[in-house]
Amino acid sequence: MDLERLLSDRLAPAFAAVAGVPVDPVVRRSQHADFQSDAALGLARRLGRPPRAVAEEVRERAELADLCAAVEVSGPGFLNLTVADRTLGGMVSALAVDPRLGVPVAATPETVVVDYSAPNVAKEMHVGHLRSTVIGDAAARTLEWLGHRVSRANHLGDWGTPFGMLIEHLVDLGEAEAAQELSMGDLDTFYTAARRKFDDDAAFRDRSRSRVVALQGGDPATLRLWRLLVAQSESYFLTVYDLLDVTLSRADFRGESSYHDLLAPTVDELDRLGLLRRSDGAECVFPPGSVGRDGEPLPLIVRKSDGGYGYPATDLAALRHRTGTLGATRLLYVVGLPQRRHFEMVFAAAAQAGWLTPPARAEHVGFGSILGADGRMLRSRAGGSVKLVGLLTEAVERATALARERNPELGEAEAAEVGRAVGIGAIKFADLSGDRHKDYVLDWERMLALDGNTAPYLQYAYSRIRSIFRRAGVAARPDAGISLAEPAERALAVELVGFAAVVDAVAGSLEFHHLAAYLHRLAAAFSAFYERCPVLRAEGAVRESRLVLCDLTARVLHQGLHLLGIRTPERL
Ligand code: ARG
């Protein structure tokens, strides 16, 4: 158990006794001691008593003698808690022998569907897909590590009206030529050319429209061409995932088309439940709670006036499948914030239909945009959207050049390896280290800097520790006793034992910036420790203890970064 929790559990009964009702002791890190509780202030206000007296009474009642070396009332009525070295040392020792670093497997594992990445066939992935892919992968990795059954659902945009024009363009180009273009990742050229013909050429437009009808009608020749388009795009997306080092594989593609057969039964059920209403020729659901600016209820169109099903119907069918057939109880949708309203309506409609009932719940894991240095939406020089591969390649190139410059001893292959780990790591960390709801500015200098809240800083801390062991040719003995005489040793130990609480919180909120900030705090605490406390030059039990602290720091950094999808090279 983590310290905050342990202390909180001990303080809670004391607070309850003083208050007569349960009170959350709100234990947090402190500047003045290891931890502090500020709850006496609020309680005193409610009781109409002096806060210091309330804090004093809690202090007297709380059973903390075995955990704390000091419990003091300070300031207006804070309780400052200093954990006993023995307690802290014991917790560090327990971590040292625990392959899970204190993080328990979930007591009740559940089936979680993580809907993420979801690019569109024959269209370039853009930076919005980058954020979805990076955040979604961190979620999948984290929940899986906690023992949940994670199903990755790459909700590929592989169906709908644009496929009429895309297939016709493919026919015009010739299959071989089209395949060539698409496998090169030249998706934008392909899409734009199709679009231009559709806009300019009436005959092409007609062909495209009949092609959509043929596709929806299951015409075998059309389906074959459609599959070709999808397969080429899938292969291309897999090369991006490989470069990006994410855990999505071919088996995770769950394109919109895969819900095709479920659309009619889903809409029929809505109809049977009396939830469908006709509006402007379309079949709609009006989910409770969604109203427009004029106060009128907003429709979720499940069947268009031409009889076709669209994006909302597909999401309803997919959701119904995920809870009903897959038995998932947690549904995550890692999609940009502009789609918030869409998901609110889908979730509300699904709840009404009985497809989303507790314990099952759905969360829109939304995120903001990536901005350019000018503070506006990231655009290419030509003004178009920035191509994801271009961005990733640039990151790797910059990081490889920096790696060569910083460490001329690295061989060619190793420099490339390090450049990839650092470049991709930097991109991911820049994405995950800020509050995901906010936009952020893509700043190469900052994200590749060796100091600051960056991947390279953490990777550097990791490799530095590994080099201590390499240089000395020693290993830590996990069962060595822990001594925490120096303040810098204690500070590091307090961070180390805090890993579990952070992972637990992040698994709930999916706000990975808390994990990123924690890893940064840990690396900084290590840095301060390493400056003040000699390790290899220390002797006997102190040396043994410090080696354990070093090793644990490396392991927590490695595991924490791994959950974020970031590699930790042995040498930088
Ligand atoms: N393909 C969509 C897009 O590019 C994202 C799909 C998100 N997932 C979902 N279940 N709707 O905007």
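**Exercise 1.** Classify R477 as buried, partly exposed or exposed, and identify the residue with which R477 forms a salt bridge.

*Solution.* Step 1: R477 has a relative accessibility of 42% and therefore counts as partly exposed; buried means under 20% relative accessible area, exposed over 50%, and partly exposed in between (1.4 Å probe, protein chains only). This is a predicted model, in which local features need pLDDT of at least 70, side-chain atom pairs count only at pLDDT 80 or more, and totals for chains, interfaces and linings use all residues. Residues are numbered from 1 along each chain as its sequence is written, and side-chain values use heavy atoms, with hydrogens and water left out.

Step 2: The partner is E544, with the closest N and O atoms 3.2 Å apart. A salt bridge is a side-chain nitrogen of Lys or Arg within 4 Å of a carboxyl oxygen of Asp or Glu.

Step 3: This pair links distant parts of the chain, 67 residues apart: R477 lies in the loop between α17 (455-472) and α18 (487-496), and E544 in helix α21 (residues 540-563). Helices are DSSP runs (H or I, at least four residues), numbered from the N terminus.

Step 4: E544 is partly exposed, at 22% relative accessible area.

**Exercise 2.** Determine which parts of the chain are tied together by the salt bridge between E234 and R250.

*Solution.* Step 1: The closest N and O atoms of E234 and R250 are 4.0 Å apart.

Step 2: E234 belongs to helix α10 (residues 220-244) and R250 to the loop between α10 and α11 (260-272), so the pair ties together parts 16 residues apart in sequence.

Step 3: E234 counts as buried at 15% relative accessibility, whereas R250, at 48%, counts as partly exposed.

Key
Helix = DSSP H or I, 4+ residues; strand = E, 2+ residues; numbered from the N terminus.
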